[in-house]
Amino acid sequence: MSVDSSTTQQSPASEHEIGLSVRGLAKAYGGVKAVNGADVDFHHGRINALIGPNGSGKTTFFNCVTGMIKADSGTVTYRGKDITGKPPHKIAHAGIGRSFQLCRIFPRMSVLDNVLAGVRPHGIGQLLGSGRRAADVKRAQELLARVGIDHLERSDARDISYGQQKLLELAGVLMTDPETIMLDEPAGGVNPSLIERISSLIVELNAEGRTFIVVEHNMDLVMRLSDHVIVFDRGAAIAAGPPSLVQSDPAVLEAYLGV
Ligand SMILES: Nc1ncnc2c1ncn2[C@@H]1O[C@H](COP(=O)(O)OP(=O)(O)OP(=O)(O)O)[C@@H](O)[C@H]1O
């Protein structure tokens, strides 16, 4: 079964600008249909949450949308532009940035250099020696200040806490100035005070016009933060709508609780 916002009575598509739109997305690993014909519309300018039980295909969906893995079938459009099957740098160029469930950082590099690694097209190859542009360094430092870890800029990334690594990854994502930010479990394994900081940053960045698509298991955070919730089960969306409605949807309760 697949559901998108246009099928949700309480939030007709006409009320919302659609940014990322996915149709019939599928990806199987052997006999496992990790993503199974998913149809999903994400609201542009809003905080969208993608939730679902463990193994329901959320990360695989993220990986297909952002070009990390190739889907077996389906289409992905962003702001009306077909980005199906494009490589990650083209997806980033289209305005979509992403983080990873387990932080993707370079552990032996400094915090500052990790943020600079997010710059394109210079990339990691130019991090050493004279490749660092002063403007990029300044921007990286500003972003580290923004996420609250500028005091750690010279530390090795492996020496900062896991929550700080999540903040570092967010600063790296922001380096490409993405219009839409996809976060895979931003609060996973993070202590409560840093969850609050991450949550405030998402709200602030959204108020500045950035769209968020967040995979998250912390339901309290999802319900507080998001405008639009999409529920995945067995590789497809089974419900979509405002948090309050999704919470009481019988299909969602069944997927989560088996009731
Ligand atoms: N590389 C892979 N090879 C084989 N099977 C995979 C691979 N990646 C994912 N799967 C399987 O696909 C299904 C969906 O996994 P996925 O990680 O996308 O779910 P998820 O909703 O993100 O789970 P979680 O909430 O636990 O992170 C699972 O059954 C998983 O075991």
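Biologist: Ala, Val, Leu, Ile, Met, Phe, Trp, Tyr, Cys and Pro count as nonpolar, Asp, Glu, Lys and Arg as charged, and the others, Gly among them, as polar. By class, how many polar residues has the shell around the ligand?

Modeller: This is a predicted model. There are 12 residues around the ligand. By class they come to three nonpolar, one charged and, for the polar class, eight.

Biologist: Which residues come nearest to the ligand?

Modeller: The shell around the ligand has 12 residues. Those that come nearest are Tyr29, Ala34, Asn54, Thr59 and Thr60.

Biologist: Which element gives the most to the shell around the ligand?

Modeller: Of the 12 residues around the ligand, Thr59 and Thr60 are among those that come nearest. The elements that give two or more residues to the shell are β2 (32-43) and α1 (58-65). With three residues, the element that gives the most is α1.

Biologist: Which are the edge strands of the open sheet of four strands?

Modeller: The strands of this open sheet run in the order β2-β1-β4-β5, and the pairing is antiparallel. An edge strand pairs on one side only, and that holds for β2 and β5.

Biologist: What angle does the direction of α1 make with that of β1?

Modeller: Strand β1 (residues 18-29) pairs with β4 in the antiparallel sense over five bridges. In that pair, serine 21 stands opposite threonine 77 in β4. Helix α1 packs on the sheet and touches β1, β2 and β4. Its direction and that of β1 make an angle of about 115°.

Biologist: In the hairpin of β9 and β10, which residue takes a positive phi?

Modeller: Strand β10 (residues 236-241) is mostly covered, with six of its six residues buried. The hairpin has two residues between the strands. The residue with a positive phi, near 50°, is arginine 234.

Biologist: Is arginine 79 partly exposed or buried?

Modeller: Arginine 79 lies in the loop between β4 (73-78) and β5 (81-82). Its phi is near 50°, a positive value in a residue other than glycine. A residue is buried if 20 or more other C-beta atoms lie within 10 Å of its own, and exposed if 12 or fewer do. Arginine 79 has 16 within 10 Å, so it is partly exposed.

Biologist: Is aspartate 177 buried or exposed?

Modeller: Aspartate 177 lies in the loop between α5 and β7. Its phi is near 55°, a positive value in a residue other than glycine. Because it has 10 other C-beta atoms within 10 Å, aspartate 177 is exposed.

Biologist: How far apart are the end C-alpha atoms of helix α5?

Modeller: Helix α5 (residues 162-174) has 13 residues. At 1.5 Å a residue these should span 18 Å. The distance between the end C-alpha atoms agrees with that, at 19 Å.

Biologist: Which elements do the buried residues of α5 pack against?

Modeller: Helix α5 is mostly covered, since 12 of its 13 residues are buried. Among them are Leu167, Leu168, Leu170, Val173 and Leu174, and also Lys166 and Glu169. The buried residues of α5 pack against β6 (96-98), α3 (111-116), α4 (134-147), β7 (180-184) and α6 (192-207).

Biologist: What share of the residues in the protein chain is buried?

Modeller: The secondary structure of the protein chain comes to nine helices and 10 strands. Among contacts between residues at least 6 apart in sequence, 70% join residues at least 24 apart. Of the 259 residues in the chain, the buried share is 42%.

Key
Residues are numbered from 1 along each chain as its sequence is written. This is a predicted model: local features need pLDDT of at least 70, side-chain atom pairs count only at pLDDT 80 or more; totals for chains, interfaces and linings use all residues. A residue is near a molecule or strand if its C-beta atom, placed from the backbone, lies within 6 Å of it. The expected span of a helix is 1.5 Å times one less than its number of residues. Two residues are in contact if their C-beta atoms, placed from the backbone, lie within 7 Å. Two strands pair if DSSP finds at least two bridges between them. Axes are lines fitted to C-alpha atoms, for helices over the stretch in contact, and angles run from 0 to 180 degrees between N-to-C directions.
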